[in-house]
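Hello,

Here is the model I said I would pass on. My notes on it follow below.

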Amino acid sequence: NLVDLNNEKKRLENDLNECEKNLTGLNKRLNDKQFLTKAPAELISKERERRNTVEERQHKLKELLAQL
């Protein structure tokens with residue numbers, strides 16, 4: 001259904017925008033020397049894992065949007 005495809009495309013675009021915002025924040029944090037020197041190693045590791053997860057989601061969303 002055409003209406004459903006348009007709604008799905010908008011939803012995926014919104015999800016992609018959220019991923020990009022999250023990635024911007026995570027990259028900013030992980031590139032901050034002060035954060036890297038003061039934060040516990042466990043937190044830095046979790047943030048890197050979060051970034052990887054968000055990057056994977058971003059890639060999947062782009063693939064889905066390309067298919068529509």
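This is a predicted model: local features need pLDDT of at least 70, side-chain atom pairs count only at pLDDT 80 or more; totals for chains, interfaces and linings use all residues.

Helix α3 covers residues 41-67.

In general, an α-helix has 3.6 residues a turn, so residues three or four places apart point the same way.

Q58 lies in α3. Its relative accessibility is 15%, and since buried means under 20%, Q58 counts as buried. Beyond four places in sequence, Q58 touches L16, C19, E20 and L23. With the same exclusion of sequence neighbours, L61 is in contact with L12, D15, L16 and C19.

The largest nonpolar core consists of 8 residues: L12, L16, C19, L23, L26, V54, L61 and L65. Helices α1 (2-30) and α3 each give two or more residues to this core. The largest share, 5 residues, comes from α1.

One more residue of α1 is E8. E8 has a relative accessibility of 29% and therefore counts as partly exposed. The side chains of E8 and R11 are joined by a polar contact of 2.7 Å. E8 and Q67 are 59 residues apart along the chain, and their C-alpha atoms are separated by 12 Å.

Regards

Key
Residues are numbered from 1 along each chain as its sequence is written. Side-chain values use heavy atoms; hydrogens and water are left out. Helices (H or I, at least four residues) and strands (E, at least two) are DSSP runs, numbered from the N terminus. Buried means under 20% relative accessible area, exposed over 50%, partly exposed in between (1.4 Å probe, protein chains only). Contact means heavy atoms within 4.5 Å. A nonpolar core is a set of buried Ala, Val, Leu, Ile, Met, Phe, Trp, Tyr and Cys residues joined through side-chain atoms within 4.5 Å. A polar contact is a pair of N or O atoms within 3.5 Å; within protein, one must be able to donate a hydrogen and the other to accept it, and residues adjacent in sequence count only if both atoms are side-chain atoms.
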